[in-house]
Amino acid sequence: MSKFRKLRPGWGVLPVAIFLAVWEIVARLNVVPGQFFFPPFSTVVMEFYYLTANGVLGENFLSSLTRVLIGFCAGSIAGIVVGTVMGWRDGMNKTLHPIISLFYPIPALGWLPLLMLWVGINEMLPITIIFICSFFPVLYNTVTGIRNVDKDYIRAARTLGASDARILTTVVMPLALPNIFTGLRLQAGMAWRVIIAAEMVAIPTGIGALMMKAESLIRIDIIIVCLIVLAVMCLAFEKFFEYLEDRMTAKWR
Amino acid sequence: MPSITLKNISKYVCQDLNLEVLDKELLVLLGPNGAGKTTLINIVAGLTDYRGSVFFDDVPVDKLPANKRGVGYLFQDLALFPHLNVAANIAYGLMSQEQPRERVDARVNELLQMMKIKHLSTRYPKDLSGGEKQRVALARALALSPKVLLLDEPLSSLDVQTAKYLRTELRQVQRKLGITTVYVTHDLQEAEEMADRIAVLQNGHVEQTSRPEQVFFYPQNEKVRDFIGAPNILDCDYCRSLGKGVMEVGCGGLPIIVPHDGNSVQKIAFFPHDIYISETKPPGPEVNRFKGTIINITSAHDAVRISLKVGSTCLLAEMPHHMFGDTNLAVGKEVFLILKLRRIRVCENKDL
Amino acid sequence: MFRKEIQRTKLAKREEDKRTNKLPALLTMVGLLLFIPIGGCTEKEEPPVGMAIEFNDHAASAYVAQDKGWFEEEGLELATFESYVTGMALAAALTRGDIEVAYICLVPAINVYANGGVPIRIVAGTHKYGCGLVVNHDKIRDIKDLEKPDIRIGCVREGGAVDVLLNKTIAKYHLDEGKILDNIQRMNPPKQVVSIETGQLDAAFLPEHWATMAGEFGFDMLAQSQDVWPGMQGSVLVVREDFVNNRPEFVAKLVRVTQKATDWINKHPDEAAEVMVRQLQASGGKIFPAEAAELAAKLEISPGVLLRSMGRLEYTTDIDPKLVQETIDYLVQLGYIKESFSAEDILDLRYLQ
């Protein structure tokens with residue numbers, strides 16, 4: 001039994017290692033026609049090194065990261081603020097809900113053609129897309145989190161002399177945090193998926209632009225490097241919010 | 001501590017309801033679900049809008065919001081803030097009043113000592129037992145030294161032993177602090193243990209407000225009588241002590257042994273389910289055993305009700321359906337009855 | 001990516017002819033099989049071939065050959081005859097194995113070989129030059145004006161001949177690379193032309209015929225490939241290596257048809273322009289959906305435009321291996337391919353007369 005316990009930490013790594021080994025072997029055996037159409041893992045690793053060493057990957061990654069951070073933070077903050085207003089005040093919810101419901105189903109990338117005309121093809125375009133991508137889901141999660149707070153907690157706080165503002169900040173918002181974090185966690189990863197697509201549209205820098213450049217140069221290895229960066233960043237952002245949520249709520253959940 | 005007066009209160013099921021809670025009294029609101037008990041205490045607390053007036057010591061408080069009425073409230077599910085530890089929960093009201101930190105800490109410590117939960121101060125509600133949560137909730141409700149304490153079936157989710165223990169504690173705290181208290185329950189036994197007076201509520205209407213023994217022995221109407229379990233209440237013609245904590249009382253020609261040793265007994269009462277019926281003579285000592293004739297059998301949803309004539313006295317007994325089905329009981333049949341000694345309640349002269 | 005299916009009327013006719021002639025042929029074959037030993041008397045059937053071209057007048061020789069039916073005359077059966085708006089899109093199709101023969105710009109052909117690992121051979125050229133820089137004269141008078149921060153310049157994505165021309169222009173005129181690249185907006189040629197028309201671009205690096213079309217919207221040619229890149233090899237005819245090894249007659253016929261079409265273009269420029277209008281509009285009509293009718297109307301091509309455009313190209317099947325090597329080395333310098341290789345590895349010019 002103890003042998004299995006010792007193995008346990010490695011269990012997460014093992015499937016990945018097997019996958020990479022199979023990838024390397026299948027590519028080397030040229031099972032898929034055209035070696036560069038399906039480069040081995042080692043080739044991708046080498047290309048990752050070259051792109052990092054010559055600064056290309058770093059430069060494009062920073063461009064994407066900046067856009068994601070600005071767009072995501074702005075969208076999330078706006079979503080939390082508006083969501084709080086809607087969740088706390090029934091009148092505001094009734095007023096804004098029909099309008100929000102109209103816009104919410106539109107996928108973030110669906111806004112692209114319109115924004116290309118309104119915003120233009122510049123830095124603001126991907127940032128605006130990320131803003132939209134983050135705003136609505138975080139808003140909805142905030143509204144849900146606040147409205148799901150047991151009314152007895154609010155009543156209890158009232159009987160203990162707390163004002164509405166204090167109840168909102170010291171009782172309702174903390175109890176709504178799990179829901180809010182769910183929204184943040186999901187959208188943090190989604191922001192990266194969306195930025196790649198937005199950057200593919202005539203934006204000269206960023207991971208998405210690098211992928212498009214690689215596609216027109218038929219550099220599959222670079223495309224795969226970009227996809228790996230995308231996957232890692234999605235995971236990293238999601239894990240970050242998971243960690244934050246844990247720090248803030250694990251004690252009492 | 002103030003008295004509480006409710007005048008012409010209308011909200012949901014309550015229509016033009018009037019009620020008075022005396023200064024320092026523990027009044028129990030007793031009634032079935034949907035009677036309006038929780039609605040009433042929410043109205044006192046200012047947690048819901050209503051028509052009518054609420055007075056604390058003849059001063060109207062209708063315009064005061066809940067956070068200004070100085071009321072302590074213990075919710076049915078306690079509503080301890082899950083994200084705050086025990087100390088922070090108790091301190092919440094004090095912090096809301098922006099009291100200095102030292103005062104807050106001192107008061108919190110005092111309450112932790114009083115409730116004997118000092119060892120729990122850093123724990124979170126999710127790590128507390130039911131009884132521990134109750135104490136924390138009570139400490140929190142008392143933190144601001146409220147003038148009025150409202151408790152909404154606070155012990156309903158606890159096991160019998162813990163509930164019994166906490167009832168005693170609650171009563172002690174209430175008496176010690178002398179807080180005017182309104183306690184909501186649907187349990188008659190709990191009401192009898194806790195109350196200075198009981199207000200029986202049915203469909204938003206106060207049917208009777210009296211001391212517990214008066215409610216039990218002198219139900220004002222059928223509704224109250226049915227709610228408390230429709231006990232057999234017998235007047236006593238005589239009583240004599242037999243020593244060893246028992247007395248013999250005479251009720252309509254029936255000599256009944258009751259568990260009492262004190263003043264003379266005016267009435268006794270026992271519930272229908274505390275009468276044991278047998279078709280044959282049961283073995284055992286001849287204590288509280290009588291012969292009677294079945295005069296009526298009625299099937300209710302929860303049990304079979306059997307009306308009996310014992311001497312000149314009419315008694316109502318009760319038997320579960322599955323047990324009745326195994327018998328040959330029928331109207332006109334002669335049967336044997338046993339009255340369970342320990343289940344007989346006694347009403348002394350002085351109680352009235 | 002834009003596609004044009006094989007011209008159905010001609011194929012359909014051929015199919016019909018086949019069917020009507022099938023029965024006698026079948027009987028003859030049965031008879032032959034019965035009376036003649038099987039070994040070596042029946043001819044192997046050559047499978048039809050997938051061909052692709054760029055949607056511009058660089059591939060004029062292919063369009064003319066198709067229009068005149070010269071492929072069929074030589075017995076070259078085409079399974080598909082597809083158009084792609086950019087050389088990079090065509091290169092991707094070649095890499096995937098969708099097509100076996102292509103009229104494609106030299107630069108993406110090199111990318112296919114070096115990066116895609118596709119074993120191709122360049123068997124002939126189709127033209128030289130054929131790209132240009134067009135500008136809004138009100139905003140840009142001199143090439144240095146391209147560096148201004150508010151200038152928006154269109155160009156295809158990296159890996160195309162026009163993109164290489166952009167880099168050559170930066171080098172030749174000593175422009176600030178950072179400033180220029182900051183002003184670049186990557187989009188395909190039709191989109192650039194529409195953007196010019198709607199005032200969203202101030203300059204554009206375009207292949208012909210798009211560069212001349214931009215002139216219809218008031219843009220002037222500021223620099224041509226002749227100015228920036230002397231001897232620039234335009235498009236080339238490429239086939240998969242196994243064709244060269246296994247079907248040399250096919251390749252020879254293909255080169256012959258291309259040479260014939262190239263000669264005809266040079267001798268009959270006006271008729272060539274009309275053929276191109278017909279062929280490009282036939283493709284374009286299928287490209288744009290009904291909703292984009294206005295867009296399609298904007299991009300209609302007139303014979304006059306095509307004539308002027310084709311006049312800016314030098315239609316010839318000749319290729320200079322030295323210039324091909326220069327191009328390969330330049331792509332290494334730009335970082336588009338990892339390492340250099342000999343031009344001889346990709347060229348097979350024995351079929352050129």
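Predicted model: local features only at pLDDT ≥ 70, side-chain atom pairs only at ≥ 80, totals over all residues.
View 1. Strand S18 (residues 304-310) and strand S19 (residues 313-319) of chain B run antiparallel to one another and are paired over seven bridges.

View 2. Four strands of chain B form an open sheet in the order S2-S1-S4-S5, with antiparallel pairing. Its edges are strand S2 (14-21) and strand S5 (59-60) of chain B, each of which pairs on one side only. Strand S1 (residues 4-11) of chain B is joined to S2(B) by five bridges in the antiparallel sense, and Ile9(B) has Leu17(B) of S2(B) as its bridge partner. H1(B) packs on the sheet, where it touches S1, S2 and strand S4 (51-56) of chain B, and the direction of H1(B) makes about 120° with that of S1(B).

View 3. Asp16(B) belongs to strand S2 of chain B, and its phi is near 50°, a positive value in a residue other than glycine. Asp16(B) counts as exposed because it has 12 C-beta neighbours inside 10 Å. Ala230(B), which likewise is not a glycine, has a positive phi of about 50° and is found in the loop between helix H8 (222-227) and strand S11 (232-235) of chain B. With 15 other C-beta atoms within 10 Å, Ala230(B) is partly exposed.

**View 4. The contact between chains A and B, with helix H8 of chain A.** This contact draws on 16 residues of chain A and 20 residues of chain B. On the side of chain A that touches chain B, the elements that give two or more residues are helix H8 (151-159) and helix H9 (164-199) of chain A, and H8(A) gives the most, with six residues. By residue type, the side of chain A that touches chain B comprises eight nonpolar, three polar and five charged residues. Within H8(A), the residues Tyr153(A), Ile154(A), Ala156(A), Ala157(A), Arg158(A) and Thr159(A) are buried, and what covers the buried residues of H8(A) includes H9 of chain A as well as helix H1 (37-45) and strand S6 (71-74) of chain B. After H8(A) comes Gly161(A), which has a positive phi near 90°.

**View 5. The contact between chains A and C.** Of the two pairs of chains in contact, chains A and C share the most contacts, whereas no contact joins chain B and chain C, whose closest C-alpha atoms lie 51 Å apart. Chain C contributes 21 residues to its contact with chain A, and chain A contributes 14 residues. Helix H5 (87-96), helix H6 (106-114) and strand S7 (184-186) of chain C each provide at least two residues of the side of chain C that touches chain A, and H5(C) gives the most to that side, with four residues. The side of chain C that touches chain A is made up of nine nonpolar, nine polar and three charged residues.

**View 6. The largest nonpolar core.** This core has 275 residues, and those with the most contacts inside it are Ile129(A), Val44(B), Leu150(B), Ile268(B) and Ala109(C). H9(A) gives the most to the core, with 16 residues. Leaving aside residues up to four places away in sequence, Leu150(B) touches Ile41(B), Val44(B), Ala45(B), Val71(B), Gly72(B), Tyr73(B), Leu74(B) and Val182(B).

**View 7. Chain A as a helical chain.** The secondary structure of chain A consists of 11 helices and zero strands. The radius of gyration of chain A is 23 Å, well over the 18 Å that the globule rule gives for 253 residues, so chain A is more spread out than a compact globule. The C-alpha trace of chain A spans about 75 × 65 × 30 Å along its principal axes, and buried residues make up 42% of the 253 residues in the chain. Among contacts in chain A between residues at least 6 apart in sequence, 72% join residues at least 24 apart.

**View 8. A cis peptide bond in chain C.** Glu208(C) and His209(C) are joined by a cis peptide bond, for which omega is about 5°. His209(C) is in the loop between strand S8 (203-207) and helix H10 (210-215) of chain C.

How values were computed:
Residues numbered from 1 in each chain as written. Chains lettered and ligands numbered in written order. Contact = placed C-beta atoms within 7 Å. Nonpolar A, V, L, I, M, F, W, Y, C, P; charged D, E, K, R; others polar. Pairing = 2+ DSSP bridges. Buried ≥ 20, exposed ≤ 12 C-beta atoms within 10 Å, placed from the backbone. Rg over C-alpha atoms; globule rule 2.2 N^0.38 Å. Core = buried A, V, L, I, M, F, W, Y, C linked by C-beta atoms within 7 Å. Axes fitted to C-alpha atoms, helices over the stretch in contact; angles between N-to-C directions.
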